[in-house]
Amino acid sequence: MNSHVAHIQAAIADVRENIIKHPVYAEIKTIEDVQRFMEVHVFAVWDFMSLLKVLQRELTCVNLPWIPVGDAETRQLINEIVLGEESDVDQDGVIMSHFEMYLQAMKQAGANTGGIESFIENIRKGIPVHEALNIAKVSEGARAFVRFTFEIIQSNKPHVHAAVFTFGREDLIPGMFVSLVNDLNERFPNQISKFKYYLDRHIEVDGDHHSHLALRMTQLLCGDDASKWAEAEEAVVKALEMRKNLWNQVLELSVA
């Protein structure tokens, strides 16, 4: 294993374990608990796509006229991940993004999609992200999480973007969601099947394939530059702390 990767993994081991074994999962006992979870978590599902797309913008050519940009291997890595996240298929074989899949799951579960839909509509109107969050009256935990993601995006450092994407999102998601998938569909038949499919799909795709692609992308972008690896580690630790804080807020809502 790359020594820099091993160093990051050691630095985040405790907080990563705290997230995977967070008490919020045990509190998801009723359909109302699922709804509250989804109404907060959907904003993390949304901003994941923005983190993904900034990497595609940085590592490939998205302008006209086209010219080859950067390293061919990193282009292939990010384009393959984008294809899987932005144009996957739902349980009925309909092509859609994972975000759209999540919205479907929210509606089936009876979760309130008003906040995220209002937020997206304001983004479409050109309203800045931080203002759209306030207008939609997004919970403080979700607002803080999204604001941090966009601080990372606005750093204009592809190696940092890739590291947060890899260690804070792709590599984390499978282990995190294993705790949620078990028996949800049995306990809530006809209300959770779409959510279960979304979770199972993440475990299958991210755990088996995308996380490996993302790790390779991070290694290529950081290279042998110790300063880049240090910046990457600092951002990843903060990203995981933000995820833990997000789960803390969901837990507060669940036990309130």
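The side chain of His161 comes within 2.8 Å of the backbone oxygen of Ile152. This is a predicted model. His161 sits in helix α8, which spans residues 158-170.

**His161**
- His161 is buried, because its relative accessibility is 0%, and the cut-off for buried is under 20%.

**Helices α2 and α4**
- Helix α2 covers residues 31-59 and helix α4 covers residues 98-109.
- Their axes lie 10 Å apart, at an angle of about 165°.
- α2 and α4 are therefore roughly antiparallel, since angles over 145 degrees count as such.
- The α2 and α4 crossing is left-handed.
- From α2, the contact uses Ile31, Gln35, Phe37, Met38, Glu39, His41, Val42, Val45, Trp46 and Met49.
- From α4, the contact uses His98, Phe99, Tyr102, Leu103, Ala105, Met106 and Ala109.
- By class, the contact of α2 with α4 holds 13 nonpolar, 3 polar and 1 charged residues.

**Arg216**
- Arg216 belongs to helix α11, residues 193-222.
- Arg216 has a relative accessible area of 34%, so it is partly exposed.
- Leaving out residues up to four places away in sequence, Arg216 touches Glu73 and Leu77.
- Arg216 and Val160 are 56 residues apart in sequence, and their C-alpha atoms are 14 Å apart in space.

Conventions:
Residues numbered from 1 in each chain as written. Predicted model: local features only at pLDDT ≥ 70, side-chain atom pairs only at ≥ 80, totals over all residues. Heavy atoms only, no water. Helix = DSSP H or I, 4+ residues; strand = E, 2+ residues; numbered from the N terminus. Buried < 20%, exposed > 50% of the residue type's maximum accessible area, 1.4 Å probe, protein only. Polar contact = N/O pair within 3.5 Å; in protein donor to acceptor, adjacent residues only side chain to side chain. Axes fitted to C-alpha atoms, helices over the stretch in contact; angles between N-to-C directions. Parallel < 35°, antiparallel > 145°, perpendicular 65-115°, else oblique. Left-handed = near helix turned anticlockwise from the far one by under 90°. Contact = heavy atoms within 4.5 Å. Nonpolar A, V, L, I, M, F, W, Y, C, P; charged D, E, K, R; others polar.
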